Amino acid sequence: MSARRQPDRDATAVRLDQREAGRIAIRAQRLDGDRPRDLLPLVRQLTFLQVDPTSAIAPSADLIAWSRLGSGYSPDALRSALEVERTMFEQKAQEDPRIAPFALIRPVSDLCLYLDAMSSGPPGERPREWLKANAAFRRDVLARLRDAGPLLSRDIADTSTVPWTSSGWTHDQNVTKMLEFLAARGEIATAGRIGRQRTWDLAERVYPADIEVVPEADAKTLRNQRRLRSLGIALPIVVGEAGLPAAVEGSKLQWRVDPEALDQPFSGRTALLSPFDRLVHDRVRTRELFDFEYTLEMYKPAAARRWGYFALPILHQDRLVGKVDAIADRKAGILRVNAIHEDVPFNAAMSGDVRAELVELAGWLRLEVVGV
């Protein structure tokens with residue numbers, strides 16, 4: 001069904017049936033049948049890849065890229081883009097006000113949209129007061145990086161005057177907090193990684209020198225537009241007033257839709273998704289657009305899990321249809337599939353497509369698939 005303007009809760013809203021809304025989301029995330037070929041254009045469309053230390057299958061950024069690019073994708077390409085070509089950069093940011101900040105890999109072409117806000121320093125009075133109290137510590141860190149960077153945090157001495165206090169793991173982690181705050185100010189940047197640990201250097205040696213900074217008032221509007229283009233359809237809390245107001249059949253929520261995503265052809269495929277994939281990361285949006293229930297259960301006791309430690313949502317054509325409970329046992333050389341949970345009954349073709357994706361995933365991981 002084509003999108004249409006029609007009187008609804010909001011007379012000016014674009015009215016969408018649920019199926020078309022879901023297809024808009026799938027196309028925007030490059031999970032339809034028109035698969036992307038290259039990493040950098042993909043990340044420009046997605047706006048970021050999320051970094052997460054969990055690698056029950058593969059690191060999150062790599063798994064998200066594989067779901068779209070297929071087995072031609074190599075994690076070396078991402079490392080090279082970050083550390084050699086410098087076409088991407090790593091940033092800790094908050095994409096959704098309902099979700100805590102997390103590490104993101106962005107295209108460096110978007111850096112201009114963040115530098116003005118970064119120059120204001122980390123948000124909140126407490127970080128600013130702590131930086132002021134530790135001005136000498138800040139200078140020590142910058143001097144150490146200038147002389148010997150890039151460095152791991154453990155290679156930087158703690159010369160703080162006032163320790164960072166917290167009820168969590170960051171308590172007295174003064175070097176880590178200083179590095180994060182300096183990165184938030186745009187004074188330093190993540191230069192690369194050794195294993196899972198970040199290396200740090202002066203921003204001027206990581207970021208391009210010829211960036212034209214976009215003033216924050218304009219940058220915020222552009223970020224919202226970019227974010228909506230990557231999602232296709234989203235809640236206003238995530239994208240502000242970008243795009244057009246939309247009403248989705250069966251949903252009581254107000255939406256914003258990318259006008260360029262309307263009335264586009266759709267071809268589907270089968271894909272296995274990371275639990276952190278942007279198609280499913282917003283559980284409310286996932287329920288409203290796909291009638292799909294999902295919870296990441298890695299933090300639950302084993303006996304309380306319904307779908308598995310790191311269950312992969314299954315996209316088939318324009319529906320989310322189930323979850324795969326699988327784990328990569330690298331020591332044994334296998335991708336172990338513990339269960340395939342069907343939210344809807346699979347026919348023979350669907351089962352075959354899911355098995356084919358698991359075989360391709362195992363091949364990409366250089367493992368043998370067991371359990372299908």
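Where do the axes of helix α1 and helix α9 come within 6 Å, and at what angle do they cross? Some notes on that and a few other places follow.

1. **Ground rules.** This is a predicted model, in which local features need pLDDT of at least 70 and side-chain atom pairs count only at pLDDT 80 or more, while totals for chains, interfaces and linings use all residues. Residues are numbered from 1 along each chain as its sequence is written, and side-chain values use heavy atoms, with hydrogens and water left out. Helices (H or I, at least four residues) and strands (E, at least two) are DSSP runs, numbered from the N terminus.

2. **α1 against α9.** To take up the opening question: helix α1 (residues 18-28) and helix α9 (residues 216-231) have axes that come within 6 Å and cross at roughly 110°. That makes α1 roughly perpendicular to α9. Axes here are lines fitted to C-alpha atoms, for helices over the stretch in contact, and angles run from 0 to 180 degrees between N-to-C directions. Angles of 65 to 115 degrees count as roughly perpendicular, under 35 as roughly parallel, over 145 as roughly antiparallel, and the rest as oblique. From α1, Ile24, Ala25 and Ala28 meet Arg229, Ser230 and Leu231 of α9; contact means heavy atoms within 4.5 Å.

3. **α2 against α9.** Helix α2 (residues 39-46) also has a crossing with α9: the two axes come within 7 Å, at roughly 110°. That makes α2 roughly perpendicular to α9. Arg44, Gln45 and Leu46 are the α2 residues making the contact, with Arg226, Arg229 and Ser230 on the α9 side. Arg229 and Ser230 are also among the α9 residues that meet α1.

4. **α9 itself.** The 16 residues of α9 reach 22 Å from first C-alpha to last, close to the 22 Å expected at 1.5 Å a residue. The expected span is 1.5 Å times one less than the number of residues in the helix. Buried residues in α9 are Ala219, Arg223, Asn224, Arg226, Arg227, Leu228, Ser230 and Leu231. For reference, buried means under 20% relative accessible area, exposed over 50%, and partly exposed in between (1.4 Å probe, protein chains only). After α9 comes Gly232, with a positive phi near 85°.

5. **One side of α12.** Met350, Ser351, Val354, Glu357, Leu358, Leu361, Ala362, Trp364 and Leu365 are its buried residues. They cover an arc of only 160° around the axis, which puts them on the same side of α12. The arc is that of the directions from the helix axis to the C-beta atoms. As background, an α-helix has 3.6 residues a turn, so residues three or four places apart point the same way.

6. Arg366 follows α12 and sits in the loop between α12 and β16 (368-370). Arg366 is not a glycine, yet its phi is positive, about 60°. Its relative accessibility is 78%, so Arg366 counts as exposed.

7. Leu78, Ala81 and Leu82 are buried in helix α4 (residues 75-83). Viewed down the axis of α4, these buried residues fall within an arc of 95°, so they line one face of the helix. Their packing partners are α2, β3 (49-50), α3, β4 (88-93), β5 (102-107) and β7 (188-194). In the loop between α4 and β4 lies Arg86, another non-glycine residue with a positive phi of about 60°. Arg86 counts as partly exposed, at 21% relative accessibility.

8. **A cis bond to check.** The Gly149 to Pro150 peptide bond is cis, with omega near 5°. Pro150 belongs to the loop between α7 (135-148) and β6 (151-152). Most residues other than glycine have a negative phi, and most peptide bonds are trans.
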